[in-house]
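Open the model in your viewer and keep the selection tool at hand. This tour tells you what to select at each stop and what is there.

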Amino acid sequence: MQLTTGNQVYEGFEQIMESNHECPVDTEYNLPDYCADIQKILKCIVTPEVASVSVIGDSLSVDGAADIRVLYLDAKGECVRGFDTKKEFSFTARLNGSPEGAHAVVRPFVQHMTCRAMNARRVDMHITLGFAVSVSAVRRTELADCVNHELVETRTESYDVSGAAGCCTHTFILEENIELQNGKPPIETILRRAVRYQIDSVQVHAGEAVISGKACVEVLYRTFSDSAPPERMACELPFTQTVECAGIDEDCTAQVCCPGGECSIQPREDSVGEYTVLNLYLKPTFSLRFIRPCTVRTVCDAFSIQGAFAAKYKNASLERTEIMAPRIVKVKDTVRIPENDLERVLDIWCDALSLSAFTEKDSAAIRGKFSVCLLYQTKEKRIAFAERMLDFTDSRNAPEAGKYSASGEITAVRYSITDAGSVECTADVAVTEQLRMVYPVRAIEAAELDETAPGDDCCAAVYYAAGGEKIWDIAKRYHARVSAVKAHNGCAEDTLSEDRPMIICRK
């Protein structure tokens, strides 16, 4: 007789792809006539901007453009200048299968870069962009949580796991005209710009989530005066976005990341014809995954107290994600200035942050590195540049063993001039961490019972059990009910604490 089972459906996120991909971006730039000749290149800043990510069938396609900005000294070596250009990129990757409703997150970074001035008017750039790709889809798994027959004893296990409630991608536009502060000189060229998206809160409601935060913008620009140093400008653009996602509610936890997006920052004329206005056009993309805590119960073993019993088992996996509280890691180091020739700092920023996470013993640790870039003025009023790579590690107690991952961004950098030969820098790295636990599960898939088959004639027995043996294993060996074995031997626990004889009585 085929037995029926009660089935519970578990929906969890299945990792389809998690890998890094490379895309070469080689280009050359010939300075237009209005640009001054190059004496020395100070810094090449590359910002990859992903414009679109699509999954069609078993193929992932990524398109975007790299914003390239080069800071250099003019022929006299007294003034910092710059130019910018865009270079489009695209690549495809093959997925394992054609998952329905696949959700892809692509985080771009610069893997390798060389920038050389071939002469006073031409620059060659060889750039390799890296892309950390993560593709997931919702997986439905049916697991038996009971066997419907009075002659069958079952052993169940319960798991507190994270269920997949939904996932989505949200892109929106922030556009604003920002006037320079009073007294700031007009803009001739934007030398450097950086945009960071800070999430302040995510409120999850039935069918939607409300994301609040701000876009933090930094700009370094050159004025129309050759004798004046570059100027800095910073602003914040607050935003609130409502994202619809079917199936979510107040019990869900949101995992939000913003790998960036398109960005355009251009100077504009004011009412009197001076370039004292910045037009900001930002198009960020937010990736959201929603998980819901749930308990899954499975029948991991079964036997019959009468008749022949046969069961078919299957292997599955359940997952639980622990999102740790975000924290700030402060990284401090000293940037040395050649020949003790520092008069003042013109600009400071951090570049190319990379993080890796690992576990050791009872702690979870991160290892990271990034560059501190320093644009400064010498005692002879010349412009110079210094750069230093900073390495750091930090650890915290890990609540459980599992796969540990971390992401981060530099939210602030401060400096203190120690003397003419050193600058003490402190960077705030905002770190977001999560721990992913995977539970392998063995569950009954189908079961049959033949009540006509002859059973064991023995109705009573004495079994000498060893400490550490489980009551379930003893009852299964003698085809007795677990509750009866416990009652006849006065056992309250599932595992024996010491060697002892056990009375087995079957009816």
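Start with Arg140. Arg140 is exposed, with a relative accessible area of 58%. Here exposed means over 50% relative accessible area, buried means under 20%, and partly exposed lies in between (1.4 Å probe, protein chains only).

A word on the source before you move on. This is a predicted model, in which local features need pLDDT of at least 70, side-chain atom pairs count only at pLDDT 80 or more, and totals for chains, interfaces and linings use all residues. Residues are numbered from 1 along each chain as its sequence is written, and side-chain values use heavy atoms, with hydrogens and water left out.

The term stands for a side-chain nitrogen of Lys or Arg within 4 Å of a carboxyl oxygen of Asp or Glu. Glu11 sits in strand 2 (residues 5-30) and Arg140 in strand 7 (residues 122-147). Glu11 is partly exposed, at 30% relative accessibility.Strands (E, at least two residues) and helices (H or I, at least four) are DSSP runs, numbered from the N terminus.

Select Asp226 and Arg222. These two form a salt bridge, with the closest N and O atoms 2.5 Å apart. Is Arg222 buried or exposed? Arg222 is buried, with a relative accessible area of 4%. Asp226 is partly exposed, at 47%.

Next, pick Asp333 and Arg388. Their closest N and O atoms are 3.1 Å apart, in another salt bridge. Asp333 is partly exposed, with a relative accessible area of 26%. Arg388 is partly exposed too, at 34%.

Now select a group: Glu49, Asp67, Arg69, Asp84, Lys86 and Arg193. Salt bridges with shared partners join these residues into one network. How many salt bridges does the count come to? The count is 38.

**Stop three: a charged patch**

Select Glu150, Glu448, Asp450 and Glu451. Together they form a negative surface patch. Patch residues have over 30% relative accessible area and no salt bridge; like charges are joined within 9 Å, and nonpolar side chains (Val, Leu, Ile, Met, Phe, Trp, Tyr) within 5 Å. Zoom in on Glu451. Glu451 is in the loop between strand 22 (422-450) and strand 23 (460-465). Glu451 is partly exposed, with a relative accessible area of 40%.

**Stop four: cysteines**

Select the cysteines. How many disulfides does the structure hold? It holds zero disulfides, a disulfide being a pair of cysteine sulfur atoms within 2.5 Å. Cys23 is in no disulfide, and its nearest cysteine sulfur, that of Cys44, is 16 Å away. Cys23 is buried, with a relative accessible area of 7%. Turn to Cys168. Cys168 is buried, at 12% relative accessible area.

**Last stop: a buried loop residue**

Select Leu496. Leu496 lies in the loop between helix 2 (482-489) and strand 24 (500-505). Leu496 is buried, with a relative accessible area of 7%. Leu496 and Val161 are 29 Å apart in space, C-alpha to C-alpha, and 335 residues apart in sequence.

How values were computed
Accessible areas come from the Shrake-Rupley method with a 1.4 Å probe; for residues, only the protein chains shown count as cover. Lys and Arg count as positive and Asp and Glu as negative; His and the chain ends are not counted. The place of a charge is taken as NZ of Lys, CZ of Arg, CG of Asp or CD of Glu.
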